[in-house]
Amino acid sequence: MSKLTTIAIDAMGGDNAPQAIVQGAIEALKENENVKIVLVGTKEPVDAELAKYSYDKDRVEVVYTTEEIDMGDHPVQAIRQKKDSSMVVAMKMLKEGTVDAMISAGSSGALLAGGQLVVGRVKGVERAPFAPILPTETGATLLIDSGANVDASPSHLVQYAKMGDIYFQCTMGRKPSIGIVNIGLEEEKGNKLVKDTFPLLKECKDINFVGSVEAREIPAGAVDVAVCDAFTGNVIVKLYEGMGKTLLRMIKAGLMTTFKSKIGALLVKDSLKNTLKQFDAAEHGGAPMLGLNGLLIKTHGNSSHMEIKNAVKQCLGCIEQGITEKMKAAFANNVEE
């Protein structure tokens with residue numbers, strides 16, 4: 001057997017923990033022969049969930065903890081004070097290199113704080129952003145930053161573009177087009193941050209910067225990587241997800257209004273299901289926190305077992321492509337002598 005890739009999963013993070021977390025982990029284990037899962041969490045609930053499944057016990061390890069970080073906890077205080085929480089223990093394992101990657105559906109604020117304080121940033125990286133994949137009409141767009149750094153500077157956004165370029169090439173296999181999220185396509189438009197960043201991105205010869213992109217063009221796949229500050233990115237993500245769910249409910253309701261529409265629904269059921277599946281965020285795993293000294297994937301707080309399973313697959317791809325090592329090499333020149 002080839003060397004196993006070891007992934008720590010915060011079993012207590014998220015609204016559906018530990019049920020969805022454990023189920024997703026076991027499903028990932030069965031679909032990927034080259035992975036070992038380390039579930040980190042409270043003994044009784046984790047053991048109770050594991051007892052529901054048959055699995056290769058040689059590829060599952062449980063690390064028991066006594067504390068949990070709640071969504072209402074102050075992020076920095078929680079990381080510093082709850083040292084035996086599932087999230088902090090998993091992060092320490094990532095930092096120490098006993099695992100190759102970590103997944104959590106827990107508090108974004110705590111993950112951000114822990115990523116900086118426990119795992120640490122790659123030398124030369126100023127801020128570590130969240131970078132989720134957004135499903136689009138033509139495939140997918142990487143949005144960076146979606147929630148880590150609300151107050152960003154032009155140099156941060158330039159680094160986001162470079163990180164997005166590396167990540168997209170590794171995961172999608174091609175050089176991406178990169179745009180900065182703006183309120184218009186003209187270079188002179190935008191707030192101070194966008195106006196100050198635009199010329200810096202134009203000067204970057206190692207990326208394919210194509211200019212501004214309006215939010216309404218993202219679902220159509222206008223660019224492969226959309227760069228913005230975390231405030232803007234988080235608004236885009238939340239509106240994206242909310243609109244998707246609303247449209248799905250409206251389509252289902254509309255198809256059930258008359259006898260004729262119900263017959264039509266039966267005829268298009270499979271095609272519609274396949275189309276809508278492409279716009280399901282769970283199909284793309286989670287959002288990596290790029291620029292850290294280790295691979296950390298943040299999934300939604302209400303993650304289903306499907307999202308956890310796909311996040312494991314996402315980790316395997318990132319590790320195979322050596323994304324962390326490529327980030328370190330790319331930003332080595334940014335380190336002050």
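**Reading a sheet and a helix pair**

Modeller: Strand β1 (residues 5–10) runs parallel to β2, and the two pair over 6 bridges. Keep in mind as we go that this is a predicted model.

Colleague: Happy to start there. How should I read strand pairing, and which residue in β2 is the bridge partner of I7?

Modeller: In general, strands of a sheet pair through backbone hydrogen bonds, either parallel or antiparallel. Here, I7 has I37 in β2 as its bridge partner.

Colleague: What is the order of the strands in the open sheet?

Modeller: The 6 strands follow the order β3-β2-β1-β4-β11-β10, with mixed pairing. At the edges sit β3 (60–64) and β10 (287–288), each pairing on one side only. For an antiparallel case, look at β10 and strand β11 (residues 295–298), which pair over 2 bridges. There, P288 has I297 in β11 as its bridge partner.

Colleague: Now the helices. At what angle do α6 and α7 pack?

Modeller: The general idea is that two packed helices are described by the angle between their axes and the distance between the axes. Helix α6 (residues 154–172) packs against helix α7 (residues 192–203) at about 50°, and their axes are 9 Å apart. The two helices are therefore oblique to each other. The crossing of α6 past α7 is right-handed.

Colleague: Which residues meet in that contact?

Modeller: From α6 come P154, L157, V158 and A161, meeting L193, D196, T197, L200 and L201 of α7. That contact comprises 7 nonpolar residues, 1 polar and 1 charged.

Terms used: Residues are numbered from 1 along each chain as its sequence is written. This is a predicted model: local features need pLDDT of at least 70, side-chain atom pairs count only at pLDDT 80 or more; totals for chains, interfaces and linings use all residues. Side-chain values use heavy atoms; hydrogens and water are left out. Axes are lines fitted to C-alpha atoms, for helices over the stretch in contact, and angles run from 0 to 180 degrees between N-to-C directions. Helices (H or I, at least four residues) and strands (E, at least two) are DSSP runs, numbered from the N terminus. Angles under 35 degrees count as roughly parallel, over 145 as roughly antiparallel, 65 to 115 as roughly perpendicular and the rest as oblique. A crossing is left-handed if the near helix is turned anticlockwise from the far one by less than a right angle, and right-handed if clockwise. Contact means heavy atoms within 4.5 Å. Ala, Val, Leu, Ile, Met, Phe, Trp, Tyr, Cys and Pro count as nonpolar, Asp, Glu, Lys and Arg as charged, and the others, Gly among them, as polar. Two strands pair if DSSP finds at least two bridges between them.
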